[in-house]
Amino acid sequence: MTWFSNWCFSLQVPEGKVVVLNFRFIDLESDNLCRYDFVDVYNGHTNGQRIGRFCGTFRPGALVSSGNKMMVQMISDANTAGNGFMAMFSAAEPNERGDQYCGGRLERPSGSFKPQLARPRLPCRSHLCVAHRSPKNQLIELKFEKFDVERDNYCRYDFVAVFNGGEANDAKRIGKYCGDSPPAPIVSERNELLIQFLSDLSLTADGFIGHYKFRPKKLPTTTAPPVTTTFPATTGLKPTVALCQQKCRRTGTLESNYCSSNFVLAGTVITTVTRGGSLHATVSIINIYKEGNLAIQQAGKNMSAKVIVVCKQCPLLRRGLNYIIMGQVGEDGRGKIMPNSFIMMFKTKNQKLLDALKNKQC
């Protein structure tokens, strides 16, 4: 694939129709805020409202324009490249209620929804989205009474995604959920909340039932974290002289470091680049035991993560070797490895202990 810094394509269908865009595959550089490589989708050809912004491997459901024109734009910084994306578009009849391709916009003060209600109206029985909009001075509280969606460690196949605002923007995604444990109650930041359900239909479960209600802004609000445990992000870490003069040695054991680490994985170092005194590495994941808010990239069945050894040789990572890596995570979703971070060579005999720690309640 040839990469461009700015790629744009205009889509148009006959007058009186709407454009329906379906992503079949997406693999762009992963970033929590989609700042580097991303795809924007807009209503219209110029000065249109953005429908969504996407990066990483999160595949959105069907995107529908309000008129007969749509614009797709891809931006790339040409540094870290994935496999790109593939999408298909078609023309469809507009629906006055706005819910032919989306579960609908709910504006009553309270209500319930479940995927079975909207699926029969969809062109592809795999996608439901429900947009809640409350009055401007109110927020939206969302709770799940029942939740049973195909389980996967990374929620790659069937999942429910919740976004602040009315567009499927990865930077505004509150969480991505699957399995049989209902997410904690979610409260929007403003007066709009978007819920998407995506299923590949290869394995099915009972689905979910969600309830929402409007509430005044004056109440304290909390946003539910993703299904994985998260810890405070580390910011502004630079390889200062004082930091990098520390003795580079591993302290403690797998057990004693597990709970204090934001992420724990076993993987093979496949690329290393030195930048400004730090080592930037890509790790092909053998197994992940604690994901935290680490950004995971996926290409086919292969998963990888990016880590930064703040002091480039402390601890030392060599390309081609297998390690157990524990550390914290920066705001950009990359692992931060400090001189006192726990790293050791990965051996098969470690697997049993790591599996036990994975089920440990910290």
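Biologist: How many nonpolar, polar and charged residues does the lining of the largest cavity have?
Modeller: This is a predicted model, in which local features need pLDDT of at least 70 and side-chain atom pairs count only at pLDDT 80 or more, while totals for chains, interfaces and linings use all residues. Residues are numbered from 1 along each chain as its sequence is written, and side-chain values use heavy atoms, with hydrogens and water left out. Ala, Val, Leu, Ile, Met, Phe, Trp, Tyr, Cys and Pro count as nonpolar, Asp, Glu, Lys and Arg as charged, and the others, Gly among them, as polar. By class, the lining has 2 nonpolar, 3 polar and 3 charged residues.

Biologist: Which residues line the largest cavity?
Modeller: A cavity is a set of points on a 1 Å grid over the protein atoms alone where a 1.4 Å probe fits but cannot get out, and lining residues have an atom within 4 Å of a point. The lining of the largest cavity consists of S30, A295, Q297, A305, K306, D332, G333 and R334.

Biologist: About how much space lies in the largest cavity?
Modeller: Grid points are joined across faces, edges and corners, and a volume is the space filled by probe spheres set on the points. The count comes to 1 cavity of 30 Å³ or more. The space in the largest cavity is about 60 Å³.

Biologist: Why is strand β19 described as largely enclosed?
Modeller: Buried means under 20% relative accessible area, exposed over 50%, partly exposed in between (1.4 Å probe, protein chains only). Strand β19 covers residues 278-290 and is largely enclosed by the rest of the structure because its buried residues number 10 of the 13.

Biologist: What is the phi of G276 in the turn between β18 and β19?
Modeller: Strand β18 (residues 263-275) pairs with β19 in the antiparallel sense over 11 bridges. T274 has L279 in β19 as its bridge partner. The two strands form a hairpin with 2 residues between them, and the phi of G276 is positive, about 55°.

Biologist: Which residues have the most contacts inside the largest nonpolar core?
Modeller: A nonpolar core is a set of buried Ala, Val, Leu, Ile, Met, Phe, Trp, Tyr and Cys residues joined through side-chain atoms within 4.5 Å. The largest has 24 residues, and those with the most contacts inside it are L142, F147, V149, V160, V162 and F208.

Biologist: Why is the pair F144 and F147 called edge-to-face?
Modeller: Rings of Phe, Tyr and Trp (its six-membered ring) pair if their centres lie within 6.5 Å; planes under 30 degrees apart count as stacked, over 60 as edge-to-face and the rest as tilted. The whole structure has 6 aromatic pairs. The ring centres of F144 and F147 are 5.4 Å apart and the planes stand at 85°, so the pair is edge-to-face.

Biologist: Is I140 buried or exposed?
Modeller: I140 lies in strand β11 (residues 138-148). Its C-alpha is 9.1 Å from that of S110, which is 30 residues away in sequence. With a relative accessibility of 0%, I140 counts as buried.

Biologist: What stands opposite F25 in β7?
Modeller: Strand β2 (residues 18-27) is antiparallel to β7 and joined to it by 9 bridges. The residue opposite F25 is M86.

Biologist: How far apart are the C-alpha atoms of D31 and E331?
Modeller: D31 lies in the loop between β2 and β3 and is buried, with a relative accessible area of 4%. D31 and E331 are 300 residues apart along the chain, and their C-alpha atoms are separated by 9.2 Å.

Conventions:
1 Å grid on protein atoms, 1.4 Å probe; cavity = no way out; pocket = protein on both sides within 12 Å on 5 of 7 lines; lining within 4 Å. Helix = DSSP H or I, 4+ residues; strand = E, 2+ residues; numbered from the N terminus. Pairing = 2+ DSSP bridges.
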